[in-house]
Amino acid sequence: CQANNKNFMKKYQRFCVFWRRGGNWAAFFLFWFFASAIISALEHSEQNKELNLEEESKRDVGFITGFFKAKVDHFKNDTKLANQLERIINLMDESPDMPRLWRKVDLELVIVKHQMIKTIVEVVKDEFLRVKEDLDKDDISGRELADTTIKLLAEDDTASVFRKSGEAHMKKVVENRKEREKKCLEKRNEGQPCEEHWSFGHSLHFTSTVFTTTGYGGATPITAGGKLATIFLIIIQIPFFLHCLATTAAHINRMLDNILGISSKHDDLEDLTTETANSRQRQLVMLKGLLVLASVLLIHMVVAAVYHFCTTGWSFSDVLYFEFVRTASVGFGDIIPEDEFTLAGAILKNLLINIPGQIVTFAMFVRVLPLIS
């Protein structure tokens, strides 16, 4: 029994060494891919498509209903119109099938089919007349531009250009719709879903925003299964990721201590607040290491910023704003690079940008914590 216990302990110690030297990251990445595959399978369905369309229709109907509700006070003195407005609001607000019917309405097709483009051009022209009247008399260039625009919109050929462009656009839209319906029918006959709503790349991006706690909100689960899976991800994946960050950050800080002159045998960080020569030396080394880590993080952010500036077409201020928001794991989600939703982008950007940035940030936090506690 003792021999068996010794063998077990040796294997356990070897496993611990393997785990802390990168085995935990290997297991984490496997779990990341496995979890993403599950999310993709749950969200990659016709149910997901229907739920997405239903949510969009509900938002549209809600916007229209809210618009009319905000105008109720304007009809206080006109009982007939006030009653008519109430009927419209009740119809939009209380009919559960309204979002489903509204989804079938094609406003673009209606505008072109009923030749309403000329009326819209006239409305735009009237708006430019109002804008011109609101401009200062000293704003010569603005008034001249408004005059030129008004004259152009007043010409019959302008309306004809808009009308023919709209007809060509809608013809293309109808052709694409028929092509999609044809492909959809072929896929259904083969037992496949019509469209790919949640690719594996989308799932990898989504799960990475979960474990990094960034949570952009660019893609969120719609199905009940996807939402339950997300709950389990939060419970399991975030602590797992924090464990990996902690072990790597500790290893980085030990390396920095050895390089900067503190022996690995001095692992007690609780004496940093004690005023001794040894503690002052250790505080100095801690600050030097913090400066090194901050420099590495800054270089990392600059490289990531240059990449995003060259690939997204964003302004410099947007890139700078995004990099700080991403590094801080705030993740407002107002701007997201499109390549993060692709398979290659989700993998490479997490391996080369997001995860390394979080490792360095966590190492800085671990290093500075004894100094401020």
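A: Contact here means heavy atoms within 4.5 Å. By that rule, and leaving aside neighbours within four places in sequence, Thr-158 is in contact with Leu-152 and Leu-153. Thr-158 sits in helix α8 (residues 156-189). A polar atom of the Thr-158 side chain lies 2.4 Å from the backbone oxygen of Leu-152. Thr-158 is buried because its relative accessible area, 10%, is under the 20% cut-off.

Now to the charged pairs. Side chains of opposite charge can pair when their charged atoms come close. The model is predicted, and the count of salt bridges comes to eight. Among them is the pair of Arg-130 and Glu-127, with the closest N and O atoms 2.9 Å apart. These two are three residues apart in helix α6 (residues 117-134), so about one helical turn separates them. Arg-130 also meets Asp-134 in a salt bridge, 3.0 Å from N to O. That pair is four residues apart in α6, so it too is separated by about one helical turn.

Arg-130 is partly exposed at 42%. Glu-127 is partly exposed at 39%. Asp-134 is exposed at 53%.

Another salt bridge leaves the helix. Lys-132 pairs with Asp-147, and their closest N and O atoms are 2.5 Å apart. This pair links distant parts of the chain: Lys-132 is in α6 and Asp-147 is in helix α7 (residues 140-154), 15 residues apart. Asp-147 is partly exposed, at 26% relative accessibility.

Note on methods: Residues are numbered from 1 along each chain as its sequence is written. This is a predicted model: local features need pLDDT of at least 70, side-chain atom pairs count only at pLDDT 80 or more; totals for chains, interfaces and linings use all residues. Side-chain values use heavy atoms; hydrogens and water are left out. Buried means under 20% relative accessible area, exposed over 50%, partly exposed in between (1.4 Å probe, protein chains only). A polar contact is a pair of N or O atoms within 3.5 Å; within protein, one must be able to donate a hydrogen and the other to accept it, and residues adjacent in sequence count only if both atoms are side-chain atoms. A salt bridge is a side-chain nitrogen of Lys or Arg within 4 Å of a carboxyl oxygen of Asp or Glu.
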